[in-house]
Amino acid sequence: MEQFNDFLVKAISGTEWPMFVLLIGGGLFLMAYSKLMPYRYFRHALAITRGKYDDKNAKGDVSSLQALSAAVAATVGLGNISGVAIAIHDGGPGVVFWIWMTAFIGMCIKFYSCSLSIMFRGEDSEGKLQGGPMFYITKGLGKKYKPLAVFFALAGLFGFLGVFTANQFTETFMSVVDPSVAIFEMSDYNWKLTVGFVLAIISSFVIFGGLSKIAKVATAIVPFMVMVYLVAVIVVMVMNASLVLPSLKLILTEAWNFNSLVTGGFWGLVIIGVRRAMFSNEAGLGSAPMYHGQSKNDEPIREGLVAMLGPFIDTILVCTFTAVVIILSGAYLEDGSGIVMTLNAFQKTLFGFGDELLMVIVSAFALSTLFTYSYYGVKCLSFLTNAKIGRLYNVYFVIMIVFAAVASLDLVKNLIDLSYALMVIPNMIAVLLLAPKVNVAAKIYFEKLKNERT
């Protein structure tokens, strides 16, 4: 495992700059190219999500709200609760500012990529409607760009494993329950292995049920758990109201800590922020277009606007709340990264039982993330082979849950970081090349909307 981790660290260093240029440079270009259009229609996006413009006759498997819930299920969760803690541990409080900036840019990237997922839908070998980067690359850019789509799908076979989630859920269980004392005396390794097997079995029941089950479970669990989490965080912030503004001020001052520029750490800080934001909201990654491409919606721009809300909910709201709790509790000054840091912060600030509450929330987030990620991986393998073989990805996915439970956080984090960086490259190239087609469709859509209102 150590040798594998060393290889991952070396490989990541070679992908950092291409990822950074395409994600941030590409995102800024799209913001300018769209003249901030997606942001100007934020209220309209909320109305679409509420179902005001739903078309019952449209093609697709799930509603726009279900697609958003499923996409947010994959992103709101351990990426926010644990990913933010890792970012603060690796780069200090200032890294949160760069997470915000990436999320704001990410809203525009999601608008373009998820509009394309409806614009260029394809079919799998069984004739079922599909969407996502593989289809807008091959249908939008043409067959000569197929190697880009294959490259994306190959990286997705690793990027869409639920290894980070399984690892962090296991850490939560070990930290909160302390099973060797509370349940049965056994070595930590054996307990982690046991947790991995239990997670794998529970996930199997839903995963092998297909998309409609995933969408139903995610739509039921996620909004409720997000609300419970936000209420818990708001209670902490109200009880420590005098520390909220100093915490936000620390984020802003540390973000521009040019002392670290001299030591060569400033760009490292920005890169960590970009990585963790991408891990949190998946903008530019190409995963959300796979879900949104299944929506019962024949209007690409409408779907793009719904998808744009993902990074806002996920990163600008949930990540900020988590970061403030971690900073005001002082947990970021102690040892421990990932979920352990957030657990410490909640235990200190929520009457001593905040860690138990967080364990319940993490359990729901972990399961919903595992359910949704397996779906992405199946789509990647189906594209590379066929729909029948694609379903075998679930077997590999479940086995890797057990592996992740006993692996180190560094190994799991590095595997995902490398896979994500490799997925961003082909996806962002395609989104940038196809952006003019989205602008043409947007002009037609908003003119039609204007005429309907007058």
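A: Helices (H or I, at least four residues) and strands (E, at least two) are DSSP runs, numbered from the N terminus. The model is predicted, so local features need pLDDT of at least 70 and side-chain atom pairs count only at pLDDT 80 or more, while totals for chains, interfaces and linings use all residues. Residues are numbered from 1 along each chain as its sequence is written, and side-chain values use heavy atoms, with hydrogens and water left out.

First, the whole protein. It has 23 helices and 2 strands. Of its 454 residues, 61% are buried (under 20% relative accessible area; exposed is over 50%, partly exposed in between; 1.4 Å probe, protein chains only). Contact means heavy atoms within 4.5 Å. Among contacts with a separation of 6 or more, 84% join residues 24 or more positions apart.

Now the helix pair. Two packed helices are described by the angle between their axes and the distance between the axes. Helix H6 spans residues 83–91 and helix H18 spans 300–329. Their axes lie 9 Å apart, at an angle of about 50°. Axes are lines fitted to C-alpha atoms, for helices over the stretch in contact; angles run from 0 to 180 degrees between N-to-C directions. H6 is therefore oblique to H18. Under 35 degrees counts as roughly parallel, over 145 as roughly antiparallel, 65 to 115 as roughly perpendicular, and the rest as oblique. The crossing of H6 and H18 is right-handed: the near helix is turned clockwise from the far one by less than a right angle.

Which residues of H6 and H18 make the contact? H6 supplies Val84, Ala85 and Ile88. H18 supplies Cys319, Thr322, Ala323 and Ile326. By class, the contact holds 6 nonpolar residues, 1 polar and no charged. Ala, Val, Leu, Ile, Met, Phe, Trp, Tyr, Cys and Pro count as nonpolar, Asp, Glu, Lys and Arg as charged, and the others, Gly among them, as polar. An α-helix has 3.6 residues a turn, so residues three or four places apart point the same way.

H6 has these buried residues: Gly83, Val84, Ala85, Ile86, Ala87 and Ile88. Just after H6, Gly92 takes a positive phi of about 85°.

Thr349 belongs to helix H19 (residues 339–349). Thr349 is buried, at 9% relative accessible area. Beyond its neighbours within four places in sequence, Thr349 contacts residues including Val325, Leu328 and Ser329.
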